[in-house]
Amino acid sequence: GFPDNGSMLSFGDNCYGQLGRTIGIDGTPRGIIPIKHKVTSISAGLGHSLAIANNPLQDGNYAYSWGWNSASQLGRRSLGNEPFIIPGLEGKDLLAIDGGRVHSLAVTTEGELWTWGSGKNGRLGLGSFADEEEPCLVESIQHEVHQAVCGMDHTVLLVNQ
């Protein structure tokens, strides 16, 4: 049956390692390489995948990424099809995570927005067009962020008034 313990399954194209396992194209839902913590939220970009997992023994959550990393959309230097922790978000109380074509974001329970990856066309909201290898706090937002989503080359936020 379907796992009830926060296990992740994936299927489809795996040309960038976005399925989180070594097999190629696969039309059957199968388990992703397990991670140490219970997964509570997932997201998929064009060729990369993201997850939030909690550690009941510590405060805060962990963000994981895997797959395509052409513009640092994994938020870390290492490549590969295995999920690894995004170092710049360790210890943050994460609410949501999302991936676009070549950028990613995370929202904390405090309403902070963190972005990373390709800055082309200003999609990171940092006031520049530079790529960011690690998560950066978007400090220009003067409201608490409730929800944030990545489009192909843009980002949309829901904030308080």
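How far is the sulfur of Cys150 from the closest cysteine sulfur, and which residue holds that sulfur? The views below come from a predicted model, and the first one takes up this question.

**View 1. Cys150 and its closest cysteine sulfur.** The closest cysteine sulfur to that of Cys150 sits in Cys136, 14 Å away, which is too far for a bond.

View 2. Searching the whole structure turns up zero disulfides. Cys136 is no exception: it is in no disulfide, and its nearest cysteine sulfur is the one in Cys150, 14 Å off. Cys136 has 18% relative accessibility, so it counts as buried, the cut-off being under 20%.

**View 3. The four-stranded sheet.** Here's an open sheet with its strands in the order S7-S8-S9-S10, paired antiparallel. Strand S7 (94–99) and strand S10 (132–137) are the edge strands, each pairing on one side only. On average, neighbouring strands of this sheet are turned by 15° against each other, direction ignored.

**View 4. Zooming in on S7 and S8.** Strand S8 covers residues 103–108 and runs antiparallel to S7, with five bridges joining the two. For a handy landmark, look for Ile97, which stands opposite Ala106 in S8.

Terms used:
Residues numbered from 1 in each chain as written. Predicted model: local features only at pLDDT ≥ 70, side-chain atom pairs only at ≥ 80, totals over all residues. Heavy atoms only, no water. Pairing = 2+ DSSP bridges. Axes fitted to C-alpha atoms, helices over the stretch in contact; angles between N-to-C directions. Disulfide = S-S within 2.5 Å. Buried < 20%, exposed > 50% of the residue type's maximum accessible area, 1.4 Å probe, protein only.
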